[in-house]
Amino acid sequence: MNTPLRAVHYLNQFFAGIGGEEQADVGVSVRDGAVGPGRALQTALGDAGVIVATLVCGDNFMSERPEEALRTIVGEMGRLAPDVVVAGPAFGSGRYGLACAEVCRAAREQGIPAVTAMHAENPGATSFRREVVIVPTGDSALSMAPALANLARFALQLGRGEELGPAELAGYLPQGRRRVHDRGRPGYERALDMLLAKLHGRPFVTEIPYNAPEQVRPAPPVADLARARIAMVTTGGLVRKGNPERQSAANAMRYHRHSVASLESLSPEDWEAFHAGYFNHIVNRNPNYILPLSFLRELEGQGRIGRVHTEIYALPGVSTPVAASRELGRAIAQDLKNAGVDGALLVAT
Amino acid sequence: MISAIYNFALTTGANRVIRGGRIEHVCGDPALGPEKDYAYGMRIVTTALEALGTPVTRPTLFDPLAPGPAREAVHAS
């Protein structure tokens with residue numbers, strides 16, 4: 001029998017038994033052994049692994065002072081030298097899910113394998129599923145038992161340094177990686193088998209899952225355009241001439257905000273497009289094609305709209321994964337909302 | 001959302017979609033010459049503003065080139 005793997009478990013203040021929302025500001029603390037759901041996790045690990053310590057942090061503390069919290073946690077990981085870190089499960093809890101994912105990422109950066117569990121739509125999962133091994137759970141602690149069993153299974157595999165199989169077979173959230181491997185039979189045979197199964201109404205598993213786009217609830221109409229503040233957003237990769245902000249030409253991971261408060265129009269002397277997904281030369285002669293400032297200024301002058309918002313938003317809309325795009329869009333929308341914008345024109349190339 | 005590939009926009013969750021020119025010149029068309037180009041761009045932008053003021057219940061196309069002032073919204077199937 002091999003020596004049991006050393007596991008460190010991460011919990012928030014609630015699952016560690018410190019308290020609910022009123023205790024969410026507590027900082028990082030360390031307990032010996034297993035605590036709360038960690039006890040059942042220990043049972044699931046059996047003789048193969050031992051929870052040597054439990055790290056606990058309040059959800060607010062982690063979300064408001066992540067650097068400080070993670071510095072302490074990484075220090076403790078160094079001291080405890082675990083073979084694997086297990087965080088959660090966090091189920092549908094957003095702050096806790098993000099905390100679990102951050103802890104796992106920090107562990108991985110220290111060379112320690114890590115796994116967490118949460119609902120697939122937890123922000124922790126949507127933001128970190130590419131970097132962190134995340135086991136899907138239900139959205140509440142009702143699914144605690146299967147979640148812990150899965151966590152134990154993955155903890156042992158990862159702690160032993162075993163390679164995980166493909167996400168859809170091993171049962172963790174897909175990380176968007178493609179690995180070359182031999183499925184044993186050529187693609188045309190597998191495709192025909194799938195087609196036959198489909199025609200006969202038999203179940204089959206696609207090799208290329210399709211994510212149906214989400215339905216978005218339409219915003220109510222702008223009540224009075226003549227009083228409305230209108231903003232402009234472009235995915236056409238608009239940059240200041242020479243791209244001083246070093247925007248990428250594709251796979252945007254951030255957006256750029258520029259002031260147009262003093263401008264009547266976008267001049268090709270000062271603005272251009274930097275976007276790998278279309279020929280930029282026409283926009284470089286007239287940047288208003290992807291950000292219609294000249295038109296909105298005229299309409300503002302005529303009183304047909306209230307005001308042109310002072311800030312514009314730009315990024316190159318090409319190759320960015322949907323999850324990252326969603327986060328960028330959400331951040332831009334929040335910024336517009338905070339600034340009291342009533343409506344926005346998004347120009348997509 | 002103003003887009004030349006408006007079918008794409010309609011099927012990916014955008015609710016107010018305005019048909020733009022082409023990918024390389026969404027808000028206008030340099031081939032029309034300066035005056036008509038500007039008029040076309042203005043037509044696209046005013047259509048977009050009309051769209052902002054119009055209630056919709058699902059992805060809806062607003063076409064600046066459709067005739068008449070009262071444009072009928074075309075729904076994505």
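1. Two strands are taken here to pair if DSSP finds at least two bridges between them. The model under discussion is predicted, and that reading of pairing applies to strands β7 and β12 of chain A: β7(A), residues 229–234, and β12(A), residues 343–348, pair in the parallel sense over five bridges. Within this pairing, A:A231 has A:A344 of β12(A) as its bridge partner.

2. How many of the residues of β12(A) are buried? The strand is mostly covered, with six of its six residues buried. In a regular strand the side chains alternate between the two faces of the sheet.

3. Looking at the contact between the chains as a whole, 25 residues of chain A are in contact with 26 residues of chain B. On the side of chain A that touches chain B, the elements giving two or more residues are α9 (281–285), α10 (293–301) and β12 of chain A, and the largest share, five residues, comes from β12(A). By residue type, this side of chain A divides into 20 nonpolar residues, four polar and one charged.

4. Chain B itself contains two helices and four strands, and its elements run β-α-β-α-β-β from the N terminus on. Of its 77 residues, 39% count as buried. Among the contacts in chain B with a separation of 6 or more, 39% are accounted for by residues 24 or more positions apart.

5. Returning to chain A, which residues of helix α1 (residues 37–45) are buried? They are A:P37, A:G38, A:L41 and A:L45, and because they cover an arc of only 100 degrees around the axis, they are on the same side of α1(A). An α-helix has 3.6 residues a turn, so residues three or four places apart point the same way. The buried residues of α1(A) pack against β1 (5–12), β3 (49–57), β4 (84–87) and α6 (144–159) of chain A. Just after the helix, A:G46 takes a positive phi of about 65 degrees.

6. A last point concerns A:G27, which lies in the loop between β1 and β2 (29–32) of chain A. Why does A:G27 count as partly exposed? A residue is partly exposed when its count of other C-beta atoms within 10 Å falls between the limits of 12 or fewer for exposed and 20 or more for buried, and A:G27 has 14 C-beta neighbours inside 10 Å, so A:G27 is placed in that class. Leaving aside residues up to four places away in sequence, A:G27 touches A:C57, A:G58, A:F61 and A:A69. The C-alpha atoms of A:G27 and A:C57 are separated by 5.3 Å, although these two residues are 30 residues apart along the chain.

Notes:
Residues are numbered from 1 along each chain as its sequence is written. Chains are lettered from A and ligands numbered from 1 in the order in which they are written. This is a predicted model: local features need pLDDT of at least 70, side-chain atom pairs count only at pLDDT 80 or more; totals for chains, interfaces and linings use all residues. The arc is that of the directions from the helix axis to the C-beta atoms. Two residues are in contact if their C-beta atoms, placed from the backbone, lie within 7 Å. Ala, Val, Leu, Ile, Met, Phe, Trp, Tyr, Cys and Pro count as nonpolar, Asp, Glu, Lys and Arg as charged, and the others, Gly among them, as polar.
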